[in-house]
Amino acid sequence: MRSEASWGLKLAALGGLLFLHLPILLIFLYAFTTEERSYAFPPPGYTTEWFAVAWNREDIWPPLWLSLQVAAISTVMAMILGTLAAAAMARASFFGRDQVSLLILLPIALPGVITGMSLRSAFGIMDIPFSTWTIVLGHATFCIVIVYNNAIARMRRLSGGILEASADLGANSFQTFRYVLLPNLGSALLAGGMLAFALSFDEVIVTTFTAGQQSTLPIWMLNELVRPRQRPVTNVVAIVVFAATFVPILIAYYLTRGGSETAGMGK
């Protein structure tokens with residue numbers, strides 16, 4: 001029988017939620033302010049004109065397109081390489097497997113500044129010019145880990161007997177993948193891809209070291225905060241970034257919420 005939480009615990013939970021989410025609410029609030037240069041509280045007035053201003057700002061669209069392009073390519077690379085790595089680690093047994101698994105997970109555990117510096121040094125030594133692909137390679141280092149974690153967790157819950165049963169019934173490798181593995185792994189892979197896209201879209205630190213003179217949308221926002229021209233426009237763009245990251249994360253949550261129900265594995 002569950003006991004009701006005390007008022008002190010409820011207040012502590014409320015305080016924690018406010019601490020986490022009140023700054024986000026302030027971003028939304030100041031996207032509608034009539035004040036252009038400061039963050040006076042409360043705002044002197046409210047308007048929606050900044051959304052039209054942001055839409056007509058030509059300097060926003062190239063960084064937005066670059067961010068979408070990089071996130072999409074990084075996600076595709078991560079889903080392919082992360083799934084293959086997860087399949088190898090989940091089904092194969094070899095000497096040093098735990099060490100290899102640690103090396104796969106290492107990029108997401110390292111500080112972004114270390115990853116960025118190492119990639120920048122590597123590009124310099126190999127004389128690789130900065131381009132969209134250098135940003136993609138930087139983002140893929142951690143996107144692969146996101147997909148790998150989702151895929152290997154689902155594969156370890158998947159009964160190996162269904163693969164043997166599929167082979168016994170005459171299915172070839174492609175048919176086994178299409179009709180047995182993919183339906184059981186699909187939601188985990190899609191969720192991993194959604195999370196990878198969200199993380200890539202708002203990445204700043206690694207991008208700073210691998211972009212050269214290019215500017216993704218988060219880098220553009222950072223520059224606007226340092227040298228503000230129209231402060232509310234930055235908040236409008238922040239809302240776009242929030243939506244572009246929150247929606248995939250929300251979808252990933254619902255896709256993996258019932259992930260324990262895989263073939264050959266009950267709750």
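Which residues do ring pairs link into a cluster with Phe28? Phe242 and Phe246.

First, the ground rules. This is a predicted model, where local features need pLDDT of at least 70, side-chain atom pairs count only at pLDDT 80 or more, and totals for chains, interfaces and linings use all residues. Residues are numbered from 1 along each chain as its sequence is written, and side-chain values use heavy atoms, with hydrogens and water left out.

Now the overall fold. The protein chain has 11 helices and 0 strands. Helices here are DSSP runs of H or I with at least four residues, strands are E runs of at least two, and both are numbered from the N terminus. Of the 267 residues, 35% count as buried. Buried means under 20% relative accessible area, exposed means over 50%, and partly exposed lies in between, using a 1.4 Å probe on protein chains only. Take the contacts with a separation of 6 or more: residues 24 or more positions apart account for 73% of them. A contact means heavy atoms within 4.5 Å.

Thr33 sits between helix 1 (7-29) and helix 2 (49-56). Is Thr33 buried or exposed? Thr33 counts as buried because its relative accessibility is 2%. Setting aside neighbours within four places in sequence, Thr33 touches Pro43, Pro44, Gly45, Thr47, Trp50 and Pro232.

On to empty space. Rolling a probe the size of a water molecule over the atoms shows where such space is left. The search uses a 1 Å grid over the protein atoms alone: a cavity is a set of points where a 1.4 Å probe fits but cannot get out, a pocket is an open set with protein on both sides within 12 Å along at least five of seven lines, and lining residues have an atom within 4 Å of a point. Points are joined across faces, edges and corners, and a volume is the space filled by probe spheres set on them.

The largest pocket has a volume of about 390 Å³. It has 18 lining residues, and the closest to its centre are Ile27, Met221, Thr234, Ala238 and Val241. Helix 1, helix 10 (217-226) and helix 11 (231-256) each give two or more residues to this lining. Helix 11 has the largest share, 7 residues. By class, the pocket lining divides into 14 nonpolar, 3 polar and 1 charged. Nonpolar covers Ala, Val, Leu, Ile, Met, Phe, Trp, Tyr, Cys and Pro; charged covers Asp, Glu, Lys and Arg; the others, Gly among them, are polar.

Then the cavity. There is 1 cavity of 30 Å³ or more. Its lining includes Leu66, His139 and Phe201. Helix 3 (61-91) and helix 8 (173-201) each give two or more residues.

Back to rings. The whole structure holds 5 aromatic pairs. Rings of Phe, Tyr and Trp (its six-membered ring) pair if their centres lie within 6.5 Å; planes under 30 degrees apart are stacked, over 60 edge-to-face, and the rest tilted. Trp55 and Trp61 are edge-to-face, 5.0 Å centre to centre with 85° between the planes. Trp55 is exposed at 60% relative accessibility, while Trp61 is partly exposed at 36%. Phe197 and Phe201 are stacked, at 6.2 Å and 15°. Both lie in helix 8, 4 residues apart, about one turn of the helix. Phe201 is buried, with a relative accessible area of 1%.
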